[in-house]
Amino acid sequence: MSDFAEFRAKGREALLSGRATYDSPMVEGARRWGAAAVLRPEGEVVARLTDLAATLDAPGHWVHGGRTLHATISSLEPYRESIPVDDPLRTAYGAALAEAAEDLPPARAYLAGVSPHPGGVLVGVHPLDETLDTLRKRFAGALDARGVKDLDHGRVRDFWYVSVLHFAAPLTDAGRIVEWCDAHADADFGTAELPTAEIVQFALTGTAIRVDRLEQVTLGTAGPRPLF
């Protein structure tokens with residue numbers, strides 16, 4: 001939690017000093033919003049996150065809720081609009097994820113705390129077991145064994161979170177966003193189970209992000225399940 005408090009402090013400072021960044025609509029080959037390995041929370045936590053995010057008055061930006069909410073294991077590649085079922089990289093991602101997830105129990109995590117950061121607003125995901133970190137490490141190894149490089153380029157993600165807002169235009173009201181985050185800084189969303197790991201791709205539908213599943217693996221079982 002202390003690390004999260006430090007992250008929040010740095011995020012507040014970044015926005016209030018005018019160092020916000022923002023995303024642009026996806027285009028072929030862009031570094032952001034390409035295929036990724038993720039887990040999506042399930043249960044009442046999702047409704048609580050969605051209800052809170054809906055109170056964000058952020059016109060022109062991307063507010064997330066429902067099945068868009070996810071925790072990222074790894075960003076995999078630049079953006080591609082089309083990733084067919086027989087795509088070699090998609091096949092490799094699915095096989096690596098299945099290998100990484102084998103015999104691991106569903107992950108459990110406590111979701112609490114709202115923080116601004118240069119690119120938006122997120123909620124902290126605090127693991128209650130070793131599954132999330134083990135899955136991330138195994139997946140990186142399984143990709144490497146297949147000669148596949150992800151976009152993390154060896155960077156070790158040591159922080160889990162779920163984004164509820166991405167800025168999609170220059171931020172003109174940083175103080176108001178920070179004030180909203182401060183008001184919900186200690187929000188408690190409860191415990192979530194994350195039983196399924198997925199390979200997904202993202203699409204922009206008007207002013208919202210859609211998350212489309214390409215492959216999925218249920219933790220504790222073997223074998224990817226392609227989605228057509």
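**Reading helices, strands and a cavity**

Tutor: On helix α5 (residues 174-183), Glu179 and Ala183 are exposed, and they lie on the other side from the buried residues. This is a predicted model, in which local features need pLDDT of at least 70 and side-chain atom pairs count only at pLDDT 80 or more, while totals for chains, interfaces and linings use all residues. Residues are numbered from 1 along each chain as its sequence is written, and side-chain values use heavy atoms, with hydrogens and water left out.

Student: What makes Asp51 buried or exposed?

Tutor: Asp51, which is found in helix α2 (residues 44-53), has a relative accessibility of 54% and therefore counts as exposed. The cut-offs are under 20% relative accessible area for buried and over 50% for exposed, with partly exposed in between (1.4 Å probe, protein chains only). The C-alpha atom of Asp51 lies 7.9 Å from that of Gly65, and the two residues are 14 apart in sequence.

Student: And how do you know whether Gly34 counts as buried or exposed?

Tutor: Gly34 has a relative accessibility of 8%, so Gly34 counts as buried. Its place is in the loop between α1 (2-16) and β1 (36-39), where such elements are DSSP runs numbered from the N terminus (H or I for helices, at least four residues; E for strands, at least two).

Student: Which residues of α5 are buried, and why are they placed on the same side?

Tutor: The buried residues of α5 are Ala174, Ile177, Val178, Trp180 and Cys181. They cover an arc of only 160° around the axis, which puts them on the same side of α5; the arc is that of the directions from the helix axis to the C-beta atoms. In general, an α-helix has 3.6 residues a turn, so residues three or four places apart point the same way.

Student: How do you know what length is expected of helix α4?

Tutor: The expected span is 1.5 Å times one less than the number of residues. Helix α4 (residues 131-145) has 15 residues, and its reach of 21 Å from first C-alpha to last is close to the 21 Å expected. The residues of α4 that are buried are Thr131, Leu132, Leu135, Arg136, Phe139, Ala142 and Leu143. They take up an arc of only 135° around the axis, which places them on the same side of α4, whereas Lys137 and Ala145 are exposed on the other side. After α4 comes Gly147, whose phi is positive, near 70°.

Student: Which strands are called edge strands of the open sheet?

Tutor: The open sheet has 5 strands in the order β2-β6-β5-β4-β7, and the pairing is antiparallel. Its edge strands are β2 (62-63) and β7 (188-194), since each pairs on one side only. Two strands pair if DSSP finds at least two bridges between them, and β2 and β6 are joined by 2 bridges in the antiparallel sense, with Val63 having Leu165 as its bridge partner in β6.

Student: What makes β5 and β4 pairing strands, and how many bridges join them?

Tutor: There are 7 bridges joining β4 to β5, and the two run antiparallel, with Ala109 partnered by Pro127 in β5. A hairpin of 2 residues leads from β4 to β5. With β6, strand β5 (residues 120-127) pairs over 6 bridges in the antiparallel sense; Leu122 stands opposite Ser163 and Val125 opposite Trp160. With β7, strand β4 has 6 antiparallel bridges, and Tyr110 has Thr191 as its bridge partner there.

Student: Why is β6 described as largely enclosed?

Tutor: In β6, 6 of the 7 residues are buried, so this strand is largely enclosed by the rest of the structure. Strand β4 (residues 107-117) is mostly covered, with 9 of its 11 residues buried.

Student: What lines the largest cavity?

Tutor: A cavity is a set of points on a 1 Å grid where a 1.4 Å probe fits but cannot get out, and lining residues have an atom within 4 Å of a point. The count is 1 cavity of 30 Å³ or more, and the largest holds about 30 Å³ of space. Its lining consists of Ala71, Thr72, Arg136, Arg157, Phe159, Trp160 and Tyr161, to which β3 (71-75) and β6 (160-166) each give two or more residues. The lining divides into 4 nonpolar, 1 polar and 2 charged residues.

Note on methods
On a 1 Å grid over the protein atoms alone, a cavity is a set of points where a 1.4 Å probe fits but cannot get out, and a pocket is an open set with protein on both sides within 12 Å along at least five of seven lines; lining residues have an atom within 4 Å of a point. Grid points are joined across faces, edges and corners, and a volume is the space filled by probe spheres set on the points. Ala, Val, Leu, Ile, Met, Phe, Trp, Tyr, Cys and Pro count as nonpolar, Asp, Glu, Lys and Arg as charged, and the others, Gly among them, as polar.
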